[in-house]
Amino acid sequence: MTVTEETAPASHYERIGGATSVKAAVDLFYDRVLADPELAGYFTDVDMPGQRRHLALMLTVVLGGPNEYAGRSLAEAHQPLRIPVEHYVKVGEHLTVTLTELGVPGDIIADVQVVLGQVQDQVVASGNPASA
Ligand code: HEM
């Protein structure tokens, strides 16, 4: 049997309610990230729709949703920002808290954390020029 959209198992993205739920999560996640004084600075030069777009794309990617993203690679977008692992972890925590508050099932949250681990090397700054 051919695997089609009907026979393939639902992605986490579909299980939590697709684009509408991602939008709700983005609003909460956005508030949390920007209220965090250690993280808000990364976004001051990014336009407001750009910030929401960033968070929506991020959530869709980590939830296994449709990959409609045609922008720069994660490494290209983030390596110039010199993001330390501590800040990466904080963003991940804000995401976990947001999903928990929205009642997202624990198995989905566990998988989100796996994906966060998989893309960490692309987002977090490689090397440590500050101490070089
Ligand atoms: C799983 C983790 C992450 C994913 C999947 C992700 C995804 C993305 C995507 C798709 C873009 C758009 C790139 C473009 O438009 O070319 C972007 C940009 C950006 N991300 Fe992330 N991101 C992640 C983590 C982070 C973290 C931890 C921070 C900061 C602490 C961050 C800050 C930014 C900023 C400031 C931009 C805008 C860069 C610019 O316009 O030059 N991201 N991210």
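Glu-93 is partly exposed, because 13 other C-beta atoms lie within 10 Å (a residue is buried if 20 or more other C-beta atoms, placed from the backbone, lie within 10 Å of its own, exposed if 12 or fewer, and partly exposed in between). The structure is a predicted model, in which local features need pLDDT of at least 70 and side-chain atom pairs count only at pLDDT 80 or more, while totals for chains, interfaces and linings use all residues. Residues are numbered from 1 along each chain as its sequence is written. Glu-93 belongs to helix α5 (helices are DSSP runs of H or I with at least four residues, strands are runs of E with at least two, and both are numbered from the N terminus). Between the C-alpha atoms of Glu-93 and Gln-113 the distance is 9.3 Å, although the two residues stand 20 residues apart in sequence.

The chain contains six helices and zero strands, and its pattern along the sequence reads α-α-α-α-α-α. Of the 132 residues, 17% are buried. Among the contacts in the chain with a separation of 6 or more, 84% join residues 24 or more positions apart (two residues are in contact if their C-beta atoms, placed from the backbone, lie within 7 Å).

The pairing of α2 (residues 18–34) with α3 (residues 48–62) brings the helix axes within 9 Å, at a crossing angle of roughly 120 degrees (axes are lines fitted to C-alpha atoms, for helices over the stretch in contact, and angles run from 0 to 180 degrees between N-to-C directions). Helix α2 is therefore oblique to α3 (angles under 35 degrees count as roughly parallel, over 145 as roughly antiparallel, 65 to 115 as roughly perpendicular and the rest as oblique). The crossing of α2 past α3 is right-handed (a crossing is left-handed if the near helix is turned anticlockwise from the far one by less than a right angle, and right-handed if clockwise). Val-22, Lys-23, Ala-25, Val-26, Phe-29 and Tyr-30 of α2 make this contact with Gln-51, Arg-52, Leu-55, Ala-56, Leu-59 and Thr-60 of α3. By class, the contact of α2 with α3 comprises eight nonpolar, two polar and two charged residues (Ala, Val, Leu, Ile, Met, Phe, Trp, Tyr, Cys and Pro count as nonpolar, Asp, Glu, Lys and Arg as charged, and the others, Gly among them, as polar).

Helix α2 also packs against α5, with axes that come within 9 Å and cross at roughly 140 degrees. The two helices are therefore oblique to each other, and their crossing is right-handed. On the α2 side the residues are Ala-25, Leu-28, Phe-29, Arg-32 and Val-33, and these meet Val-91, His-94, Leu-95, Val-97, Thr-98, Leu-99 and Glu-101 of α5. This contact of α2 with α5 is made up of eight nonpolar, two polar and two charged residues.

For α5 and α6, the axes come within 11 Å and cross at roughly 160 degrees. Helix α5 is therefore roughly antiparallel to α6. This crossing of α5 and α6 is likewise right-handed. Tyr-88, Gly-92, Leu-95, Thr-96, Leu-99 and Thr-100 of α5 meet Ile-109, Val-112, Gln-113, Leu-116, Gln-120 and Val-123 of α6. The classes in the contact of α5 with α6 are seven nonpolar, five polar and no charged residues.

The shell around the ligand holds 23 residues, of which Met-58, Gly-71, Arg-72, Ala-77 and Val-91 come nearest (a residue is near a molecule if its C-beta atom, placed from the backbone, lies within 6 Å of it). At least two residues of this shell come from each of α3, α4 (74–78), α5 (85–101) and α6 (106–123). Helix α3 supplies the largest share, five residues. By class, the shell consists of 18 nonpolar, four polar and one charged residue.

Glu-38 lies in the loop between α2 and α3 and counts as exposed, because 12 C-beta neighbours fall inside 10 Å. Apart from neighbours within four places in sequence, Glu-38 is in contact with His-87 and Lys-90. Arg-82 occupies the loop between α4 and α5. The phi angle of Arg-82 is near 50 degrees, a positive value in a residue other than glycine. Arg-82 is partly exposed, with 15 other C-beta atoms within 10 Å.
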